[in-house]
Amino acid sequence: MVKTSNRHGLLVEPTYGCPEFPRRPALREICVEWVDAVSFWKDRSRLLPALYAAYHLATLAVFILFFARYLSLGAVLVVMGIAIFIATVYNTVWYHRYCTHRAFKFRNIWLPRFFLWTNPICFREESYVIPHRIHHSKSDQAGDPYGPHLGWLGSYLATESQQKINRDLSRQEYDRLAKSLEHIGFPANSYEQSQRTGSVEMGWYSAAPGMFSNLFWSALAYAVSG
Ligand SMILES: [Zn+2]
């Protein structure tokens, strides 16, 4: 668990502050906050969350196309099987148990790299890990980056807000954060680089594994199904 003495914590507060139940952010506040979280025209470090949001929307287009053109019982069963595989292996085992909670160790040091480079979700590991650790330390309270206290839409759209890393961390706080992510297997930014990019993962590494894994799985699916 990463603890920080900084008054803002590891993440930047949402524009609507850190509401505590029963106050929920209003629809307008949620929309303003979401636009702020992807506003790469104001802050270049928001480009990655913006690209992720675009990717997320593109998957909705694929979902609609699937229903319109390829719907059959067999196809639905295959899609459900793939969804269960991704949810179990990459969400539960990789992001949650290994990356966030370090619940186990891999015997072979290449296995974390294998998961990192074949993770098809395109969501950066640090973007899952950092807010999720905060989520456990303040469940459903003020400062929890997602949860029922924000309402369903606020919690859903917090996917982008939770990527706003506080760039005012001290060198010591940043080093501690980077060390807590070391086991994932990506090269970390220096303190100075992190103040520019707002991330721990170094430059091109933020996009390369996601692109590679999508090409890999697409090529495999294409080869299997034609
Ligand atoms: Zn957890």
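Which residues of helix α7 are buried? This report answers that first and then turns to other features of the model, which is a predicted one.

Helix α7 covers residues 171-180, and its buried residues are Glu-173, Tyr-174, Leu-177, Ala-178 and Ser-180. Seen down the axis of α7, these residues fall within an arc of 160°, so they line one face of the helix. An α-helix has 3.6 residues a turn, so residues three or four places apart point the same way.

The face of α7 turned away from the buried side carries Gln-172 and Lys-179, which are exposed. The buried residues of α7 have a cover that includes α5 and α8, the latter being residues 191-197.

Arg-171 belongs to helix α7 as well, and Glu-192 to helix α8. The side chains of Arg-171 and Glu-192 meet in a salt bridge, with N and O 2.6 Å apart. This pair links parts of the chain that are 21 residues apart. Arg-171 is partly exposed, with a relative accessible area of 44%. Glu-192 also counts as partly exposed, at 41% relative accessibility.

## The zinc site

Which atoms coordinate the zinc ion? The donors are the NE2 atoms of His-96, His-101, His-132 and His-136, at 2.0 to 2.1 Å. Along the chain, the donors follow the spacing H-x4-H-x30-H-x3-H. His-96 lies in helix α3 (residues 73-100) and His-136 in helix α5 (residues 125-137), so this pair links distant parts of the chain, 40 residues apart. His-136 counts as partly exposed, at 40% relative accessibility.

The site of the zinc ion is irregular, with angles of 92 to 161° among its 4 donor atoms. To count as tetrahedral, four donors need all angles between 85 and 135 degrees.

## Salt bridges

How many salt bridges does a search of the whole structure find? The search finds 9. One of them joins the side chains of Glu-33 and Lys-164, with N and O 2.9 Å apart. Glu-33 lies in helix α1 (residues 27-37), while Lys-164 is in the loop between α6 (151-161) and α7, so the pair ties together parts that are 131 residues apart in sequence. Glu-33 is buried, with a relative accessible area of 1%. Lys-164 is buried too, with a relative accessible area of 4%.

Another salt bridge is formed by Arg-46 and Asp-43, whose closest N and O atoms are 3.8 Å apart. Both Arg-46 and Asp-43 are buried. Salt bridges that share partners join Glu-33, Asp-36, Lys-42, Asp-43, Arg-46, Lys-164 and Arg-167 into one network.

## Cysteines

A disulfide is a covalent bond between the sulfur atoms of two cysteines. A search of the whole structure finds 0 disulfides. Cys-31 is in no disulfide, and the nearest cysteine sulfur, that of Cys-18, is 19 Å away. The cut-off for a disulfide is 2.5 Å between sulfur atoms, so a distance of 19 Å rules this pair out. Cys-31 is partly exposed, with a relative accessible area of 37%.

Cys-99 is in no disulfide either, and the nearest cysteine sulfur, that of Cys-122, is 15 Å away. Is Cys-99 buried or exposed? Cys-99 is buried, with a relative accessible area of 0%.

## Two residues with positive phi

Cys-122 has a positive phi of about 65°, although Cys-122 is not a glycine. Cys-122 is placed in the loop between α4 (110-118) and α5. With a relative accessible area of 27%, Cys-122 is partly exposed.

Asp-140, which is likewise not a glycine, has a positive phi near 60°. The loop between α5 and α6 holds Asp-140. Asp-140 is partly exposed, with a relative accessible area of 37%.

Technical notes:
Residues are numbered from 1 along each chain as its sequence is written. This is a predicted model: local features need pLDDT of at least 70, side-chain atom pairs count only at pLDDT 80 or more; totals for chains, interfaces and linings use all residues. Side-chain values use heavy atoms; hydrogens and water are left out. Buried means under 20% relative accessible area, exposed over 50%, partly exposed in between (1.4 Å probe, protein chains only). Donors are N, O and S atoms within 2.8 Å of the metal (3.2 Å for Na, K and Ca); water is not among the atoms, so sites may look incomplete. Four donors count as tetrahedral if all angles lie between 85 and 135 degrees; four count as square planar and six as octahedral if opposite donors are over 155 degrees apart and all others between 65 and 115; anything else is irregular. Helices (H or I, at least four residues) and strands (E, at least two) are DSSP runs, numbered from the N terminus. The arc is that of the directions from the helix axis to the C-beta atoms. Contact means heavy atoms within 4.5 Å. A salt bridge is a side-chain nitrogen of Lys or Arg within 4 Å of a carboxyl oxygen of Asp or Glu.
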